[in-house]
Amino acid sequence: MTNAREVVITAPRTIEVPAVAFPEPGPGEVRLKLRVSGISPGTELLAYRGQIPDDAAEDASIDPLAASHGYPQRTGYCAVGVVEATGPDVDPAWSGCRAFAFRPHASHAIVPVDDLINLPESISDELATFIPNLETAFGLVMDARPLPGERVVVLGQGIV
């Protein structure tokens, strides 16, 4: 077991950072020691204020974010860290690798190795937290299907 910390919104306008015990990674998993976690100023502020319906999921397509917004609530989804332990059947080459994962704000995370994005040294930890924004922007372009040379205006998309 690893002693860790998680950021938890326990009620509207109430945040705690409790100590939790993280297990050793199981088959197909790694333990990621987080170095940077990006904040979503819109969604997380709404969650902090208690302005998101309890039955709404942050992102139903991403397992750690599929839970409802009731309390207690773990927020965040832009985690960058270093693999500090691997499960029994995970390639040991993952040990020490920097990686991105869709995980809440915490000091550690247990992550299926297939959910990791291995980061090259040319991308800083801080820049890697914008991977979800890139994914959203790319999806919007794919959905809109602009033609080469067309002018496009995007309004109200925050960081995107």
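Predicted model: local features only at pLDDT ≥ 70, side-chain atom pairs only at ≥ 80, totals over all residues.

Reader: Are Phe100 and Phe102 buried or exposed?
Author: Both Phe100 and Phe102 are buried.

Reader: OK, new topic. What's the overall layout, helices and strands?
Author: The chain has three helices and nine strands. Going along the sequence, the pattern reads β-β-β-β-β-α-β-β-β-β-α-α.

Reader: In what order do the five strands of the open sheet come?
Author: The order is S8-S5-S6-S7-S9, with antiparallel pairing. Strand S8 (108–112) and strand S9 (117–118) are the edge strands, each pairing on one side only.

Reader: And how many bridges do S5 and S6 pair over?
Author: Eight bridges, in the antiparallel sense, between S5 (residues 29–38) and S6 (residues 78–86). To give you one spot to look at, Ser37 has Ala79 in S6 as its bridge partner.

Reader: Now the greasy part. How many residues does the largest nonpolar core have?
Author: It has 15 residues, and those with the most contacts inside it are Val30, Leu32, Val83, Trp94, Val111, Val113 and Leu116. S5, S6, strand S7 (98–101) and S8 each give two or more residues to this core. The largest share, three residues, comes from S5.

Reader: What does Val30 touch?
Author: Leaving out residues up to four places away in sequence, Val30 touches Pro25, Val83, Ala85, Thr86, Val90, Ala109, Ile110, Val111, Val113 and Leu116. There's also a second, separate core of eight residues, which includes Val36, Tyr77, Cys78 and Phe100.

Reader: Jumping to Phe130, where does that lie?
Author: Phe130 lies in the loop between helix H2 (125–128) and helix H3 (131–144). Its C-alpha atom is separated by 9.9 Å from that of Ile39, 91 residues apart along the chain.

Reader: Last one: what percentage of the chain's residues are buried?
Author: Buried residues make up 36% of the 160 in the chain. The accessible surface comes to about 9500 Å², and 56% of that belongs to carbon and sulfur atoms.

Technical notes
Residues numbered from 1 in each chain as written. Heavy atoms only, no water. Buried < 20%, exposed > 50% of the residue type's maximum accessible area, 1.4 Å probe, protein only. Pairing = 2+ DSSP bridges. Helix = DSSP H or I, 4+ residues; strand = E, 2+ residues; numbered from the N terminus. Core = buried A, V, L, I, M, F, W, Y, C linked by side-chain atoms within 4.5 Å. Contact = heavy atoms within 4.5 Å. Areas by Shrake-Rupley, 256 points an atom, 1.4 Å probe, with all protein chains shown as cover.
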